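Dear colleague,

I am handing over the structure below, together with a short account of what was found in it. Please read the notes with the model open beside you.

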Amino acid sequence: MNDNLHTLRCFGCGARIAGSEAQPDFRCSQCGDLFEVEYAGWGQREGHDRPNPGALKWLWRERRCSSEFLDQSGVWRFRELLPILDNFGNAVSLREGNSPLYKLKRTSKALGIDQLFAKHQGMNPTGSFKDTGMTAALSVARERGFKWVACASTGNTSAAMAAYAARAGMRSLVLIPEGKIAWGKLSQAMDYGAVTCQLKSDFDGCVRVLTQIVKEAPIYLLNSVNPYRLEGQKTPVFEIAEAFDWTVPDHLIVPGGNLANSSALGKGFRELRELGLVARTPRISVIQAEGANPLARSFAQNNGESMEPVEAHTRATAIRIGNPASWRKAARVVRDTGGWCLDVTEAEIAIAKAELGSEGLGCEPASAVTLAGLKKLCCQGKIASNESVVLVLTGHTLKDPDYTINFHRGTLLTDVESAGREPELKALERNAEVVDATPAAVLATLKGIAG
Ligand code: F0G
């Protein structure tokens, strides 16, 4: 069976190459830009060649009840829209995807929005959205005969890569910035058997080192410059469209780090529309942390036409990235869909994370930028009360428990960072009390809280 139908198209100069012709660093040999996977003919197909939207919707729904290995993956359930393997039998899956879409009742009431949802990508096998991309790109690596895979990471990519590599019986190399990733993520890479190197550098420095390594050794690069990652990462869009009965929400809000995920979600909606599966695309907005905001700055200065790297600082370590590789792709998604790119402060991130927690939906700090950004968009009058909004929560709360504990102890933020927000912060803090081991002492504590 040959299921493979794709070519790679350079985002910069438009050059087309076969998938097997890509350079080890996935940069175009003519202009240095990144590639996108393209399926020849999807735009032009007519008559019997074009996938039938009604038949696809029926098939994908049927697969939700199937016990077949591939059908149980929320990524490969939609395999007709990611024909990147010669043989789907080569797919490496941990039953990723099929993540829940939760209604945020209290937050929507507080913001005056009728329909607010969270697509919780932290409910994936390794606790982040990276699993959806990893199943796709690592399967390509296995099919092409690689024994080693590698990534530079702020933590989640490395956790996902290590797990999928272990499932496939492959070896993995992880480069992470020393001291700047959450312990949960580091422990995962170790648990799944990756060779883990903590470099005395930041994420951008790790990328530079790895780019050199893959040119010198037969190691397959699994950073998000690898266009196959984005094919898996576009599939949550199919789940969202399916959950909305093939209408779409008005607005999707995504965190921005290396800026591949926003690009992937935009590509997913674009393809659904091209194929006639949905009639329109939501606005897609990207939110960055104020200390790691090169795209937000670029939008403020020149509508995302050019970008200056920054030195990145934020406690939302997943998105502590100053020179995002996929910024051009993400800028196009924001512009084409009529979305916005904003940044939010450390206090805004911490408050939004605690608010999501108090709805029973913990997430990691990088994911909470979406709610912080939504609040800003509401204040700016950019979202109407009758619009539907989906926040993409990218990682699980247990990835970074230190952040959460420090928040509730009141030790997370500096005085400067929390200035003016103290009452809001205090109202959300839930420190663990030390109490005498008697019923009376515990009841007295409850009384204190109820009062
Ligand atoms: N949220 C989380 C939890 C992440 O781990 C990341 C990126 C992002 C958002 C941003 O996504 O980079 O596609 O814009 N984490 C990467 C990593 C960089 O190495 O785990 P992006």
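Helix H6 (203–216) and helix H11 (327–337) each contribute at least two residues to the lining of the largest pocket, and H6 gives the most, with 6 residues. Helices here are DSSP runs of H or I with at least four residues, numbered from the N terminus. A pocket is an open set of points on a 1 Å grid over the protein atoms alone, with protein on both sides within 12 Å along at least five of seven lines, whereas a cavity is a set where a 1.4 Å probe fits but cannot get out; lining residues have an atom within 4 Å of a point.

This is a predicted model, in which local features need pLDDT of at least 70 and side-chain atom pairs count only at pLDDT 80 or more, while totals for chains, interfaces and linings use all residues. Residues are numbered from 1 along each chain as its sequence is written, and side-chain values use heavy atoms, with hydrogens and water left out.

The lining of the largest pocket comprises 21 residues, and Arg27, Val207, Val225, Asn323 and Ala325 are those nearest its centre.

The ligand, for its part, sits in the largest cavity, which requires more than half of its atoms to lie within 2 Å of the grid points. Among its polar contacts (N or O pairs within 3.5 Å), a ligand oxygen is 2.8 Å from a side-chain N or O atom of Asn156, and a ligand nitrogen is 2.7 Å from a polar side-chain atom of Thr394.

Best regards

Note on methods. Polar contact = N/O pair within 3.5 Å; in protein donor to acceptor, adjacent residues only side chain to side chain.
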